[in-house]
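Reader: Hey, I'm new to this. Can you walk me through the structure once it's up?

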Amino acid sequence: MTDTVQIEIHPIEKSRIDAVDFDNLVFGRSFADHMLVVDYKDGAWQTPQIVPYGPISFSPAMMSLHYGQAIFEGMKAYKSETGDILVFRPHDNWARLNKSAVRMCMPEVPEEVFMEGLSALLKLDAAWIPAKPGCSMYIRPFMFSTDEYVGVTPSKTYKFMIFNCPVGAYYSKPLRVKVETQYIRAAHGGVGFSKNAGNYGGSLYPTQLAIQEGYDQIIWTDAASHQFVEEAGTMNLMFVINDTLVTAPTGDTILDGITRKSVLQIARDWGMPVEERQLSVKELVEGIEAGTVQEAFGAGTAAVIAPIATVGFEGKDYQLPERATDAFSKRVYEEINDIRLGKKTDERGWVFKV
Ligand SMILES: *Cc1c(COP(=O)(O)O)cnc(C)c1O
C-alpha cells in the first residue's frame with residue numbers, strides 16, 4: 001500500500017447496539033452501526049464515506065438490478081483475548097473481489113481503499129465485534145453497478161460498500177447433502193469462479209428441491225458429465241480418503257476459497273498427503289461404502305468447517321462414519337481458529353491486525 005486514503009466519517013448519533021441480543025445472534029440478521037460507501041464515477045473512485053448503516057435510495061432503472069453486475073466477498077474479524085481486532089486473510093478477499101470485478105466488467109478496487117476503509121469501519125464499530133468463543137464479525141464487502149440506464153452494457157458508475165454483521169456459530173449439526181445430477185452451478189467459460197450475485201440466484205431452486213427431499217445442501221457436479229464432485233453452496237468440498245486430503249482443483253467452475261487453501265496449506269505443513277484432483281461421485285459413494293472415505297466436509301468462511309454426515313445419490317443415502325475426536329477436520333478447525341484468534345503464532349502471515 002502506498003497512499004493514505006482520506007475517509008469522510010459521518011458517525012451515528014446513537015448506537016443501536018443495546019437492542020442486539022449477543023447471546024442469540026442469528027447469522028446475517030444483525031448489522032453494526034456504520035457502513036463504508038465508495039462511489040465510482042468519471043473513471044475514478046471518489047472519497048470513501050463511512051455513514052450510519054441503513055437504506056440507500058436508487059433508481060428503478062439501476063443497472064445491477066436488471067443485468068446483474070453485482071459481486072461480493074465474505075470474511076471475518078475477531079477480537080483477541082488482548083482486545084486486538086484481527087482479520088483473517090483480508091488481502092486474499094481483496095484480490096478475489098478484483099478477479100470477480102474483471103470478469104464482470106467492473107472497476108477494480110484499489111488495495112488501500114479496501115484495506116483502509118475496512119480498518120476504519122472496524123475501529124469505529126469495534127464494540128460490535130463479539131469476543132465470545134465461536135462468535136465473530138462477518139464482513140460483507142460488495143460492489144454493484146448504479147447507472148440509470150436500460151441496455152445491456154457495462155455501467156459507468158458503481159458503488160463499493162462494506163457492512164458488518166456480528167455472528168454466532170454458523171451450522172450446528174453435520175450436514176445431509178445431495179449429489180445434484182440435473183441442475184448445474186457453473187460451466188467452463190462461465191462465471192463460477194467469481195463471487196457474482198447471479199451464481200447464488202441460480203442455485204436457489206435446485207437447493208430448495210433438495211431441501212424438500214430432506215437434505216441441507218447440494219453437492220454440485222461438473223456441468224459436462226455430472227460425474228465429478230465440485231462444491232457445495234458457499235463452501236468448497238474436501239474429503240479424507242485413506243488418510244489423504246482430496247479436493248477438486250480450482251479452475252473456472254470452482255470458487256477459489258480462502259478457507260480451502262488455508263486447510264490445504266495446514267495439511268501440507270502437517271505432512272499429510274494432499275491431492276487436488278477430480279473426484280468422481282462413483283469413487284466417493286463406493287469409498288463411503290468400503291470405509292475408505294473417512295471424512296467429508298465443507299470449507300468456507302461462514303462455517304469454517306462444516307462436517308458432512310450423509311451423501312445422497314440417486315435416491316440412496318450413504319452414511320459417513322462418526323467423526324473421531326482426532327479427526328482431521330476437527331484438528332484443522334482448531335488450528336485455523338487458534339490462528340484467527342491470535343492464540344497461536346501466525347507463522348504464515350495470515351492475520352491482519354487492524
Ligand atoms: C465463498 C464461497 C466459497 C468459500 O470461500 P471462502 O473464501 O473460503 O469463504 C466456496 N464456494 C463458493 C461457491 C463460494 O461462494
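Predicted model: local features only at pLDDT ≥ 70, side-chain atom pairs only at ≥ 80, totals over all residues.

Reader: OK, so what does Tyr53 count as?

Author: Tyr53 is partly exposed, because its relative accessibility is 28%.

Reader: And how many aromatic pairs does a search of the whole structure find?

Author: It finds 16 aromatic pairs. Rings of Phe, Tyr and Trp (its six-membered ring) pair if their centres lie within 6.5 Å; planes under 30 degrees apart are stacked, over 60 edge-to-face, and the rest tilted. One of them is Tyr53 with Phe163, an edge-to-face pair with 5.8 Å centre to centre and 80 degrees between the planes.

Reader: Where do Tyr53 and Phe163 lie?

Author: Tyr53 is in the loop between β4 and α1, while Phe163 is in strand β9 (residues 158–167), so the pair ties together parts that are 110 residues apart in sequence. Helices (H or I, at least four residues) and strands (E, at least two) are DSSP runs, numbered from the N terminus.

Reader: Is Phe163 buried or exposed?

Author: Phe163 is buried, because its relative accessible area is 17%. Phe88 and Trp350 form an aromatic pair too, edge-to-face at 5.7 Å centre to centre and 80 degrees between the planes. Phe88 lies in strand β7 (residues 85–88) and Trp350 in the loop between α7 (328–340) and β19 (351–353), so this pair ties together parts 262 residues apart in sequence.

Reader: Which charged end sits over the ring of Phe88?

Author: That of Arg340, 4.5 Å from the ring centre. Arg348 lies over the face of Trp350, at 5.0 Å from the ring centre. The cut-offs for a charge over a ring: NZ of Lys or CZ of Arg within 6 Å of the ring centre and within 35 degrees of the ring normal.

Reader: Switching topic: where is Asn196?

Author: Asn196 is in the loop between β10 (175–179) and α4 (197–212). Asn196 is buried, because its relative accessible area is 4%.

Reader: What is Asn196 in contact with?

Author: Leaving aside neighbours within four places in sequence, Asn196 is in contact (heavy atoms within 4.5 Å) with Gly68, Ala70, Ile71, Met104 and Val191.

How values were computed
Residues numbered from 1 in each chain as written. Heavy atoms only, no water. Buried < 20%, exposed > 50% of the residue type's maximum accessible area, 1.4 Å probe, protein only.
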